[in-house]
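Hi everyone, thanks for coming. Have a look at the sequence and the structure on the screen, and then I'll walk you through some parts of it.

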Amino acid sequence: MRDVRVTASGFSPASAIAGLAKAFPDAGGLASFVGRVRQGDSVKALELTHYEPLTLPGMESLAGEAVARFAPLGLLAWHRVGVMTPGTAIVVVAAAADHRRAAFDTVDFLMDHLKSAAWFWKRERRADGWHWIEPRPDDYAALERWRV
């Protein structure tokens, strides 16, 4: 099972993860990550835009690569686009696997790619206006480890 989505609507990460767990009751490991709009740093809103013709196919291809590398039983990767307020869930990635390492690696691999090498552009609205956000050097370093 691969459940990959790009949505402009809000979603419940807990429900998504619960659905994956229910679909794979015999999985030895279930790992997940939920990314949210940061609170603080005077962030008033976050806007995510994307290149629609590539985003979902790219995410599906990335999920296929994760399955080929780590053999999870199932995975999900849901990503929001649009304007969101602090505390709002942006992304949920989860994997069910026979063993914990495959679940962890699947989630880590997907998030490292979504954070630094995906088809999303992000900007924050702060008190002094909108600011484009680029991946940090450590985001690129995390991505590089998967190229070995």
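Predicted model: local features only at pLDDT ≥ 70, side-chain atom pairs only at ≥ 80, totals over all residues.

Residues are numbered from 1 along each chain as its sequence is written, and side-chain values use heavy atoms, with hydrogens and water left out.

Okay, let's start with Met59, which sits in helix α2. Is Met59 buried or exposed? Its relative accessibility is 3%, so Met59 counts as buried. Buried means under 20% relative accessible area, exposed means over 50%, and partly exposed is in between, using a 1.4 Å probe and protein chains only. Contact, for us, means heavy atoms within 4.5 Å. Not counting residues up to four places away in sequence, Met59 touches Val4, Arg5, Val6, Ala77, His79, Leu114, Trp119 and Phe120. Pro13, on the other hand, is 18 Å from Met59, C-alpha to C-alpha, and 46 residues away in sequence.

Pro13 brings us to helix α1, residues 13–23, where the buried residues are Pro13, Ala16, Ile17 and Leu20. In general, an α-helix has 3.6 residues a turn, so residues three or four places apart point the same way. On the face of α1 turned away from the buried side you'll find the exposed residues Ala14, Ser15 and Lys22. And the cover over the buried residues of α1 includes β2 (29–36), β4 (74–80) and β6 (89–97).

Now for the rings. Rings of Phe, Tyr and Trp (its six-membered ring) pair if their centres lie within 6.5 Å; planes under 30 degrees apart are stacked, over 60 edge-to-face, and the rest tilted. How many aromatic pairs does the structure hold? There are four. One of them is edge-to-face, between Phe70 and Phe109, with 5.6 Å centre to centre and 65° between the planes. Phe70 lies in α2 (52–70) and Phe109 in α3, so this pair ties together parts that are 39 residues apart in sequence. Phe109 also forms an edge-to-face pair with Trp146, at 5.4 Å centre to centre and 85° between the planes. Trp146 is in the segment after α4 while Phe109 is in helix α3, so here the parts tied together are 37 residues apart in sequence. Ring pairs therefore link Phe70, Phe109 and Trp146 into a cluster. As for burial, Phe70 has a relative accessible area of 15%, and Phe109 has 0%, so both of those count as buried.

Last stop: Gly82, in strand β5 (residues 82–84). Gly82 has 24% relative accessibility, so Gly82 counts as partly exposed. Leaving aside neighbours within four places in sequence, Gly82 is in contact with Leu46, Glu47 and Leu48. Its C-alpha atom is separated by 9.6 Å from that of Lys122, 40 residues away along the chain.

Terms used. Helix = DSSP H or I, 4+ residues; strand = E, 2+ residues; numbered from the N terminus.
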